[in-house]
Structure formats: structure tokens, C-alpha cells
Amino acid sequence: MVLRKRRSEEISSTPPGPGDAPHTFVPGVGVIVATALFSAVANVTDFRSGRDLAAFLGLVPKQRSTGGKTTLLGISKRGNTYVRTLMIHGMRSAFYNRKKRENGVTAFMERLVERGMHTNKIVVASANKAARIIWAVLTKKHHFSRTPHEAIG
């Protein structure tokens with residue numbers, strides 16, 4: 001037990017290396033989602049932004065624009081279906097357990113619930129946000145901050 005605790009302290013005190021998986025601490029992203037995402041996207045730096053990663057997974061809304069007016073539709077459902085499905089299921093679990101853990105993503109979910117948004121929309125929006133967080137964490141090589149007021153890095 002002491003060895004396990006010491007090892008977890010070492011992991012939490014050292015910055016992530018190229019072989020580490022700091023994105024596993026993002027709510028709704030567990031080992032299965034992380035390995036599927038890693039197999040689908042070997043190099044996260046290939047994407048210019050978190051939105052590009054989310055678009056690769058099919059988590060961004062379709063856009064129709066004319067005359068400077070942009071209309072956002074449902075998610076595009078293009079890209080990697082398997083990883084998108086896993087991320088949505090993981091965020092669904094985080095959504096239903098949001099009262100147990102306080103962090104920035106659950107605070108985001110609570111704000112959307114207060115606005116009266118449907119559960120499925122909240123889950124997909126949170127999966128989109130998680131994909132962007134994962135991109136930021138992996139490109140900046142910092143751990144994910146669980147508190148909503150701390151910045152990454």
C-alpha cells in the first residue's frame with residue numbers, strides 16, 4: 001500500500017513525459033478512451049487547435065453560413081466513430097456522476113443544466129470540451145487542472 005501511495009505521489013509530482021498519459025485524469029476519459037484516442041491519433045501536434053482534434057472525432061457542429069450569418073447545426077458525425085462513441089459514453093458517465101466530483105468540466109455541465117439544455121446536448125458539448133482539453137494538455141505537456149479556476153500551465 002505504501003509503495004502504491006509513493007508511486008502515485010511520484011506520478012503526481014513529476015511533469016508528464018512523452019510516454020505518460022496525463023489526459024487520463026480528464027473527467028469521462030478513462031483507460032479505454034485514452035488508448036483508443038492514442039491509437040486513432042498518434043501525434044496530437046498534427047492538429048493546429050483543439051477544435052481540429054474535435055472535428056477529427058466528429059464532435060463539432062455543422063455550420064451553414066451565408067451573408068455573414070452563421071447557423072450551427074447538430075454534430076457532424078464524421079471522423080472516428082469509435083473514439084467519438086467512447087468519448088460520449090465517458091462524458092455521459094461523468095454527467096450522471098457530476099455531483100460526486102467538482103472540477104471545471106462538471107461546473108460547465110451544471111451551467112448548461114441550469115440553462116435548461118437537454119442531457120444529450122450537454123454530454124456531446126462536454127465531449128467536445130474534453131477533446132479540446134486533451135489537445136491542450138498533450139501539446140503543452142502539463143497535467144489537467146481539476147479546479148475550474150486554475151489555468152493549465
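Buried here means under 20% relative accessible area, exposed means over 50%, and partly exposed is in between (1.4 Å probe, protein chains only). The model is a predicted one, where local features need pLDDT of at least 70 and side-chain atom pairs count only at pLDDT 80 or more, while totals for chains, interfaces and linings use all residues. Residues are numbered from 1 along each chain as its sequence is written, and side-chain values use heavy atoms, with hydrogens and water left out.

View 1. Helices (H or I, at least four residues) and strands (E, at least two) are DSSP runs, numbered from the N terminus. Strand β1 covers residues 61-66, and of its six residues the number buried is zero, so β1 lies largely in the open. Its partner is β2 (residues 69-75): the two run antiparallel and are joined by five bridges, where pairing takes at least two DSSP bridges between the strands. Look for S65, which stands opposite T70 in β2. Two residues sit between the strands, and G67 takes a positive phi near 60 degrees in this hairpin.

**View 2. F47 with F56, a tilted pair.** Rings of Phe, Tyr and Trp (its six-membered ring) pair if their centres lie within 6.5 Å; planes under 30 degrees apart are stacked, over 60 edge-to-face, and the rest tilted. The structure holds two such aromatic pairs. In this one, the ring centres of F47 and F56 are 5.4 Å apart and the planes meet at 50 degrees, so we call the pair tilted. F47 is buried at 16% relative accessible area, whereas F56 comes out partly exposed at 31%.

View 3. For a charge to sit over a ring, NZ of Lys or CZ of Arg has to be within 6 Å of the ring centre and within 35 degrees of the ring normal.

**View 4. K129 over F108.** The charged end of K129 sits over the ring of F108, 4.7 Å from the ring's centre.

**View 5. Back out to the protein chain.** Six helices and two strands make up the element list, running α-α-α-β-β-α-α-α from the N terminus on. The chain has 153 residues, and 35% of them count as buried.
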